[in-house]
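Subject: Structure handover

Hi there,

Here is the structure I promised to pass on to you. Please open it alongside this note, and then read on for what turned up.

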Amino acid sequence: MPSISRRACVIAAVAALAAASVTACGGGTAGDSSKTFKIVQYEDPTSAQGQGWQKALELFKAKHPDVKVEFQQTSFDAFRQNAKITLAGNDVPDVVEFNKGNADGGQLAAQGLLEPLTDQVTKYGWDKKVTGAMAAFAKYDDNGHAGSGEWYGVPNIGEYVMFYYNKAKFQQAGITKVPTSLAEFEAAMDKLKAAGQIPISSSANTSQGFNQMWIWYSLVSAAATRQQVDDFMFVKSPVDFHSGPWKEGTEKFQQWIDKGYVGDKLGGLSFEQATVNFLSGKAAMLIWNNGEFARIRKDAKFGWGYFTLPGAQLSMGSSGHLWGVPAKAKNKELAYDWINTTLSPEVQNLIGQKGGLPLAGDTATITDPVTRQFTARFDQLVKADTLSFYPDYPVPGFLDFIQTHMQAMSNRNETAAQYLDALQKFYDDGTKR
């Protein structure tokens, strides 16, 4: 999922990769370059990761002064929709950023469109920097299932989902401390409702309405065990969606909709509109990941804080999107060096300073105390192995399927039971392909 890296960093851009605007960032002039190295990525250049890429470009060009670098800016959706066509063409990029998970990266790997990176991972020591759950979606087996097999991608950052909150609205509603249990959290939202506030700014647009999906899966994760999530994510064992955390979380999600905790008329709202509604004071909280940390810090005109879902056994989060090398790339050695550059201390620590949760950075070097605390919380979740990934990873087409049903539930056109029936069928059919 965008890392919706991440998913918040999806930018308005081209309708297709072929139409992506190209910014030449090469060392020297076009005339004195002996070869052209093409990078395709979709990070917002103002984001922490986007700023890290600019530093990586600087370092890479200094190391390869005779190489012309084309840094192509596209969007998450544009690349995701056109990845197979792009990577199967005759003029493919040399290195690409792609979405992790069986539905996206796994399909590209299984179809032979990506170069296996296991030898390079060992050579450069990337597996010493990207470990545990952060490496799970970098590896895919012959069927395109994540969690084992060859490395096909390398992430640079991590992500975790939280509730950003408006401190003034909490105080006005009589909420004196951050909730520490789900019951306390629901009681706080009741107080916000009584004070005339929308507790959570959300969205359920079928193409860019990720917030409702994240609320739903956060509630599932809250009641899930590590084994239950891994069975679902990595297709290890059959999943019964009519019991356990799936039933409990989905029924709780419907209750939150019915109680008005997430507002109404969400079907036409995108995640961008949900963020704007929070920043403009129309809601007390926003569910999102670290992708909005820098923006909220810059644009919020009120005191704010954040917390992960209180009382949850597991929290939504994962590694970021992946760098991969197309099987038909012409400059693979340069591609490996580019990936290595993005994992260098100079780039990783810059991303950390900007609040980007680097996987190979040093949290102790972050000088700003708010950003350092924010990163330290991520470090705790990784160390405890309590990140539950994103729900759309296991099955091709899952993201579109889930978002369609999130809209239906949000519009009260579908019940929790009906959604679970559809979820069971779609997941079972998808994992049998």
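**Phenylalanine 401 and its surroundings**

Setting aside neighbours within four places in sequence, phenylalanine 401 is in contact with Tyr419, Ala422, Leu423 and Phe426, where contact means heavy atoms within 4.5 Å. Phenylalanine 401 sits in helix 16 (residues 398-410); helices here are DSSP runs of H or I with at least four residues, numbered from the N terminus. Phenylalanine 401 is buried, because its relative accessible area is 11%; buried means under 20% relative accessible area, exposed means over 50%, and partly exposed is in between, using a 1.4 Å probe and protein chains only. From phenylalanine 401 to alanine 78, the C-alpha to C-alpha distance is 18 Å, although 323 residues separate the two in sequence.

A word on the background before the rest: this is a predicted model, in which local features need pLDDT of at least 70 and side-chain atom pairs count only at pLDDT 80 or more, while totals for chains, interfaces and linings use all residues. Residues are numbered from 1 along each chain as its sequence is written, and side-chain values use heavy atoms, with hydrogens and water left out.

**Aspartate 230**

Is aspartate 230 buried or exposed? Aspartate 230 is buried, with a relative accessible area of 13%. Its place is in helix 9 (residues 226-233). Apart from neighbours within four places in sequence, aspartate 230 is in contact with Val235, Lys236 and Phe389.

**Helix 1 and its partners**

Helix 1 (residues 48-63) and helix 13 (residues 332-342) have axes that come within 9 Å and cross at roughly 130°. Axes are lines fitted to C-alpha atoms, for helices over the stretch in contact, and angles run from 0 to 180 degrees between N-to-C directions. Helix 1 and helix 13 are therefore oblique to each other; angles under 35 degrees count as roughly parallel, over 145 as roughly antiparallel, 65 to 115 as roughly perpendicular, and the rest as oblique. On the helix 1 side, Trp53, Ala56, Leu57, Leu59, Phe60 and Lys63 meet Leu334, Asp337, Trp338, Thr341 and Thr342 of helix 13. By class, this contact of helix 1 with helix 13 has 7 nonpolar, 2 polar and 2 charged residues. Here Ala, Val, Leu, Ile, Met, Phe, Trp, Tyr, Cys and Pro count as nonpolar, Asp, Glu, Lys and Arg as charged, and the others, Gly among them, as polar.

Helix 1 also packs with helix 14 (residues 345-353), at an angle of about 155° and with the axes 8 Å apart. Helix 1 and helix 14 are therefore roughly antiparallel to each other. Among the residues that meet there are Trp53 and Ala56 from helix 1 and Leu350 from helix 14.

**The nonpolar core**

Which residues touch the most other members of the largest nonpolar core? They are Phe37, Tyr164, Trp216, Met285 and Trp338, out of 129 residues; a nonpolar core is a set of buried Ala, Val, Leu, Ile, Met, Phe, Trp, Tyr and Cys residues joined through side-chain atoms within 4.5 Å. Helix 8 (residues 210-223) gives the most to this core, with 9 residues. Not counting residues up to four places away in sequence, tryptophan 338 touches Phe37, Ile39, Trp53, Ala56, Leu57, Phe60, Phe71, Val95 and Trp323.

Best wishes

Key
Helices (H or I, at least four residues) and strands (E, at least two) are DSSP runs, numbered from the N terminus.
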